[in-house]
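Take a look at the structure below. Then follow the paragraphs through its links, its strands and its surface.

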Amino acid sequence: MPRPTSFLPLISSSSSSAIATTSTTYSKDEKSRKPFISTSTANARIPLLVFCFVSLTVGLAGIIFAVSAYRRPRPLPVFRCGRTQDTFRAFYSLSNPQPDVLDRPKVLGFVGIQTGFSSANRRSAVRSTWFPSDPDGLLRLEQATGLAFRFVIGKSKDVKKMTELQKEVDKYKDFMLIDVWEEYLNLPHKTLAYFKAALELFDADYYVKADDDIYLRPDRLSTLLAKERSHSLTYIGCMKKGPVITDPKMKWWKIAFLFEKSGHLIGNEYFLHAYGPIYVLSKEVVASLAAARNNSLRMFNNEDVTIGSWMLAMNVHHEDNRAICDPRCTATSIAVWDIPKCSGLCNPTSRLKELHKMGMCSKSPTLPPDDR
């Protein structure tokens, strides 16, 4: 049987040997060769790798920072002035963030209720009567009257007192904390520090200094401050003047005696000034006090006398208003306290609650029927 025809080229045995030899020789040469990489090319890749690594690191760091900044509550610069802090705004700006919050909110009046470390019971009584006991209530009062209210207190070297105060601050958020030592004989310095801090934190037409042992009607105080006045430098209060107290049986005779040592400056009789439990200064007056250089204002031991002396020097208009020192609740009373028996309410913790139960004190209209 004939074999099939092959279409492959015929290769002689000698040719095959040559090809095999050539193939073997090539394979050995290939195995002995090493891949060649340019040194300049390898060096050029190092900076590129470093740049990529740095870029990646910076990018990741930026993302982490952005996320943490977004998630972390950011305090607004509206409630702090140096070491002075408005704890209400600190709380409210975090719980209700508003991008349009002003650095100094505009209000009709700012009311600083002066208090101390031993007055926790008084503050409790105030919060259970005319003063709101929660931040939302305090905000509603401000919106209804145009008046912002805060308890004002300084600092103490007693760690226990400061710890207890912090607990109260955390609970109620209704304090203005000022950078001054809390001492009775330091009241003039505290009062000046209060007015300076209040001016920095609030743009108010009037600044009110009130004590924590009076019964106050915020709505009527707002009406008083909203009246048109022709004098920009105004000092409102229950005005008094008379001889310096020297009777040891009287409550303030020791302080008065110290004041009497400055008799060569003003004699032995007090000049016209407002009673201390509550008085009002207009914005222009407070701005002038805040602009005064340190230690340029004379300090007496009596806080209300000290303020009165500054008012004489500033040529303010003295506005005498007996409605803010009423001994009983009436249809027109703004502030009630036991004048002249006590500088404030006698036994304020119980008296505040007693007055609040009286309809004439807490439920009577803002204005009497004849004035509406």
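Which cysteine does a disulfide join to C342? The partner is C346, with the two sulfur atoms 1.9 Å apart. Keep in mind that this is a predicted model. The link of C342 and C346 has 105° about its S-S bond and is right-handed. C346 has a relative accessible area of 15%. Buried means under 20%, so C346 counts as buried.

How many disulfides does the structure hold? There are 3. Another one is formed by C329 and C361, whose sulfur atoms are 1.7 Å apart. The torsion about the S-S bond of C329 and C361 is about 105°, so this disulfide is right-handed. Now find the two ends. C329 sits in the loop between β10 and β11, while C361 belongs to helix α14, residues 359-362. The two cysteines are 32 residues apart in sequence, so their bond ties together separate parts. C329 is buried, at 12% relative accessible area. C361 is buried too, at 1%.

C238 and C325 also form a disulfide. Their sulfur atoms lie 1.9 Å apart. Is the disulfide of C238 and C325 left-handed or right-handed? The torsion about the S-S bond is about -100°, so it is left-handed. C238 lies in strand β8, residues 234-243, and C325 in the loop between β10 (317-320) and β11 (335-336). They are 87 residues apart in sequence, so the pair ties together two parts of the protein. Both cysteines are buried.

Now read the pairing as a pattern. Number the bonded cysteines in sequence order, and the pairs come out as 1-2, 3-6 and 4-5.

Stay with strand β8 for a moment. Of its 10 residues, 7 are buried, so β8 is largely enclosed by the rest of the structure. Which way do β8 and β10 run, parallel or antiparallel? They run parallel, joined by 4 bridges. In this pairing T234 stands opposite H317 of β10. β8 also pairs with strand β9, residues 269-282. That pairing is antiparallel and has 7 bridges. Here M239 has A274 of β9 as its bridge partner.

Next come the charged side chains. How many salt bridges does the count give? It gives 19. One of them forms between K106 and D205, with the closest N and O atoms 2.7 Å apart. This pair links distant parts of the chain.

R122 and D213 form another salt bridge. Their closest N and O atoms are 3.7 Å apart. R122 lies in helix α4 (residues 120-127), whereas D213 lies in the loop between β6 and β7 (215-216). R122 is partly exposed, with a relative accessible area of 28%. D213 is buried, at 7%.

D219 and R217 meet in a salt bridge too, at 2.8 Å from N to O. D219 is partly exposed at 23% relative accessibility. R217 is buried at 8%. Salt bridges can also join up into a group. R123, R127, E168 and D174 are linked in such a network.

Finish on the surface. Which residues form a nonpolar patch there? They are I46, V50, F53, V54 and V58. Together they have about 490 Å² of accessible area. Pick out F53 in helix α2, which covers residues 39-71. F53 has 58% relative accessibility. Exposed means over 50%, so F53 counts as exposed.

Conventions
Residues are numbered from 1 along each chain as its sequence is written. This is a predicted model: local features need pLDDT of at least 70, side-chain atom pairs count only at pLDDT 80 or more; totals for chains, interfaces and linings use all residues. Side-chain values use heavy atoms; hydrogens and water are left out. A salt bridge is a side-chain nitrogen of Lys or Arg within 4 Å of a carboxyl oxygen of Asp or Glu. Buried means under 20% relative accessible area, exposed over 50%, partly exposed in between (1.4 Å probe, protein chains only). A disulfide is a pair of cysteine sulfur atoms within 2.5 Å. Patches are made of residues with over 30% relative accessible area and no salt bridge: like charges are joined within 9 Å, nonpolar side chains (Val, Leu, Ile, Met, Phe, Trp, Tyr) within 5 Å. Accessible areas come from the Shrake-Rupley method with a 1.4 Å probe; for residues, only the protein chains shown count as cover. Two strands pair if DSSP finds at least two bridges between them.
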